[in-house]
Amino acid sequence: MRVLVMFDLPVLTSKNMKDYRQFRKYLIKSGFLMMQESVYCKLAPNSVAADSIVDNIRKNKPPEGLVQVLKVTEKQFSKMEYVVGEKRKDIIDSDERLIIL
């Protein structure tokens, strides 16, 4: 299962920028990988672990802005299509991406 976090946070004041940096650092320290700007992804072994990840995001969210969380299965995640840009051969877009630790 994958947990996707998408966020749009204000960066108008120095407090906003600090909140943005702290939230981004929290995601990285928690094992999230950046897929693109403001979109992060983390692999969860099961639904219970994914729920725990979502709870921790709720606890660490900034006071302002929009944070969205999406839980998808590995099969759904593997069906993601890359629409923009040239087709690249070095991207593994099958179940081979699954890493079992």
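Biologist: Where is S38 found?

Modeller: S38 sits in the loop between β2 (33-36) and β3 (39-43). Bear in mind that this is a predicted model.

Biologist: What makes the phi of S38 worth a remark?

Modeller: The phi of S38 is positive, about 65 degrees, although S38 is not a glycine. Most residues other than glycine have a negative phi.

Biologist: Why is S38 called partly exposed?

Modeller: Its relative accessibility is 22%. Buried means under 20% and exposed means over 50%, with partly exposed in between. So S38 counts as partly exposed.

Biologist: How many aromatic pairs does a search of the whole structure find?

Modeller: The search finds 4 aromatic pairs. One of them joins F7 and F23, at 5.3 Å centre to centre with 90 degrees between the planes.

Biologist: Why is the pair of F7 and F23 called edge-to-face?

Modeller: Ring centres must lie within 6.5 Å, and planes over 60 degrees apart count as edge-to-face. F7 and F23 have 5.3 Å and 90 degrees, so the pair is edge-to-face.

Biologist: What does the pair of F7 and F23 tie together?

Modeller: F7 lies in strand β1 (residues 2-8) and F23 in helix α1, so the pair ties together parts that are 16 residues apart in sequence.

Biologist: How do you know whether F7 and F23 are buried or exposed?

Modeller: The cut-off for buried is under 20% relative accessible area. F7 has 6%, so F7 is buried. F23 has 1%, so F23 is buried too.

Biologist: What makes the contact of K71 with D51 a salt bridge?

Modeller: The closest N and O atoms are 2.4 Å apart. The limit is 4 Å, so the contact qualifies. The pair links distant parts of the chain: K71 is in strand β4 (residues 66-72) and D51 in helix α2 (residues 47-60), 20 residues apart.

Biologist: Why is D19 called buried?

Modeller: D19 has a relative accessible area of 13%, and buried means under 20%, so D19 is buried.

Biologist: Which residues form the positive surface patch?

Modeller: K18, R21, K25 and K29 form it. K29 lies in helix α1 (residues 14-29).

Biologist: Why is K29 called exposed?

Modeller: Its relative accessible area is 76%. Exposed means over 50%, so K29 is exposed.

How values were computed
Residues are numbered from 1 along each chain as its sequence is written. This is a predicted model: local features need pLDDT of at least 70, side-chain atom pairs count only at pLDDT 80 or more; totals for chains, interfaces and linings use all residues. Side-chain values use heavy atoms; hydrogens and water are left out. Patches are made of residues with over 30% relative accessible area and no salt bridge: like charges are joined within 9 Å, nonpolar side chains (Val, Leu, Ile, Met, Phe, Trp, Tyr) within 5 Å. Accessible areas come from the Shrake-Rupley method with a 1.4 Å probe; for residues, only the protein chains shown count as cover. A salt bridge is a side-chain nitrogen of Lys or Arg within 4 Å of a carboxyl oxygen of Asp or Glu. Lys and Arg count as positive and Asp and Glu as negative; His and the chain ends are not counted. The place of a charge is taken as NZ of Lys, CZ of Arg, CG of Asp or CD of Glu. Helices (H or I, at least four residues) and strands (E, at least two) are DSSP runs, numbered from the N terminus. Buried means under 20% relative accessible area, exposed over 50%, partly exposed in between (1.4 Å probe, protein chains only). Rings of Phe, Tyr and Trp (its six-membered ring) pair if their centres lie within 6.5 Å; planes under 30 degrees apart count as stacked, over 60 as edge-to-face and the rest as tilted.
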